[in-house]
Amino acid sequence: MGQTRRQFLASSAGAAAASSLPATLRPAGANDRIRIGVIGAGGQGRYDMSVFQRNKNVEVAAICDVHSGHLKETVDRAQANQAGTQPQTFGDYRRLLEMKDIDAVIIGTPDHWHALTCINACQAGKDVYVEKPLSLTIAEGRRMVDVARSTNRVVQVGTQQRSGPHFRRAVELIRNGKLGKVTFARCWTYENNYPNGIGNPPDSDPPPELDWDMWLGPAPKAAWNPNRSERTFRWFWDYSGGKITDWGTHLIDIVHWALIPDDAIAAPKVVSAHGAKILLRDNRETPDTLEVVFEYPGFFLAYSSRELNARPIESRNYGIEFFGTDGTMFLDRDGFEVYPETAGVKEGEFTWRTAYMNFHGGPQNEHNVNHVKNFLECMQSRKRPVSDIEIGHRSTSASHLGNVALRSQQRIVWDGATETLHSATSEAKALLNRPYRKPWVLPA
Ligand SMILES: NC(=O)c1ccc[n+]([C@@H]2O[C@H](COP(=O)([O-])OP(=O)(O)OC[C@H]3O[C@@H](n4cnc5c(N)ncnc54)[C@H](O)[C@@H]3O)[C@@H](O)[C@H]2O)c1
């Protein structure tokens, strides 16, 4: 906080230069082809791939998915986008990582697979574009950062809002003190899925096109259920963390960027949470109502999630608000507005709303296009990308801490430097990590 505009621009543009990584094992020249592998070719993996393919020097050389239908759909899309060049296909990502001429991988698996696939990819000498949330637990995230560093890999996390020009401008205004001193921020995600939510289908045998055991991987053995294996895996604790890790991570990430200086540890000191699955009649495990309060040095953040009532704030069912002594900012993917509190900000002076209509859908989405471009540039320069793995780890960790507070019913006191809990119950401590189902182990 309190940086000048010049300092902000210098710190954000210069941070990468100051932290250049050693040269890649297989340095790619500016005109070289960059060969990409896709691990997890469902909704987001396929989408990310098509954004990568907007870059003429990218070739999708291999695709891995444990669902043969998803695999075929993504191969067809890849081929259509690259004049028929056929990617190799795999059902086991470890075989894809054995390909020596793959430079980087996109990881679009469910969250419980991010750690192993990312770590193994780094160890195989690949750079990584891994979707958010970075990890399933804080312990996994820290291990991922350590391995990325020890193997000198470029790892970009899919928190693409950091590459949205208006997000950067909004953060710049806040860091330059345009709102005065910001002591409170809130973010929210509201929907109404009452009464049946995602439904309650019975367990059954997995469909023949799905390798269910490989889909589960390190997660506990479980009977197949359609809600577990498709996009709705987000609402099961074994694979994800519910709305706060799925969406909250995007929003908390921007609050960290705006309110915490680059050289400080982006971690809350205290976290408390209330929430439950109160009414939804489906088989999800994560809450339909959740309120989390984070205490950071100098400010509080409230994250609110509702699945039972969609009344918006500022006409938006998700967003971020920053409350400062001189003004309030509303910010979402369409733009931002600043409402003056004092004469320090003039009415209408900072309104940038619906300026980014090309955010919506399709591979032209500017935030994603820039994010991928930044990753590809960093692969060449060996600089740290805008959503470097440490940044993604901290944003994801805040979401995890909300769930630790909720599930342990404890007010969490967190030491961000050592990533340990103070005077916590064993239940809370256990939630920082998780056992892996054999034969899978989190690499040391
Ligand atoms: N950045 C964003 O805005 C954004 C948006 C949506 C989703 N995501 C993230 O993308 C990830 C995937 O979400 P989704 O909605 O695309 O889910 P999805 O279910 O549509 O896709 C996941 C794919 O991974 C495959 N898979 C599972 N285990 C695998 C394994 N071991 N190896 C290879 N493939 C495997 C599945 O078969 C499926 O095709 C999640 O982590 C999610 O949070 C990010």
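The dialogue below takes up the cavity and then the ligand.

Modeller: This is a predicted model, in which local features need pLDDT of at least 70 and side-chain atom pairs count only at pLDDT 80 or more, while totals for chains, interfaces and linings use all residues. Residues are numbered from 1 along each chain as its sequence is written, and side-chain values use heavy atoms, without hydrogens and water.

Colleague: How many cavities of 30 Å³ or more are there?

Modeller: Rolling a probe the size of a water molecule over the atoms shows where empty space is left. On a 1 Å grid over the protein atoms alone, a cavity is a set of points where a 1.4 Å probe fits but cannot get out, and lining residues have an atom within 4 Å of a point. A volume is the space filled by probe spheres set on the points, which are joined across faces, edges and corners. The count here is 1 cavity of 30 Å³ or more. The largest cavity has a volume of about 40 Å³, and its lining includes Lys 243, Thr 286 and Asn 403.

Colleague: Which residues come nearest to the ligand?

Modeller: A residue is near a molecule if one of its heavy atoms lies within 4 Å of it. Of the 29 residues around the ligand, Gln 44, Asp 65, His 70, Asp 111 and Lys 132 come nearest.

Colleague: What lies 2.8 Å from a nitrogen atom of the ligand?

Modeller: A polar contact is a pair of N or O atoms within 3.5 Å. An N or O atom in the side chain of Glu 131 lies at that 2.8 Å. For an oxygen atom of the ligand, the distance to a side-chain N or O atom of Arg 234 is 2.9 Å.

Conventions
1 Å grid on protein atoms, 1.4 Å probe; cavity = no way out; pocket = protein on both sides within 12 Å on 5 of 7 lines; lining within 4 Å. Polar contact = N/O pair within 3.5 Å; in protein donor to acceptor, adjacent residues only side chain to side chain.
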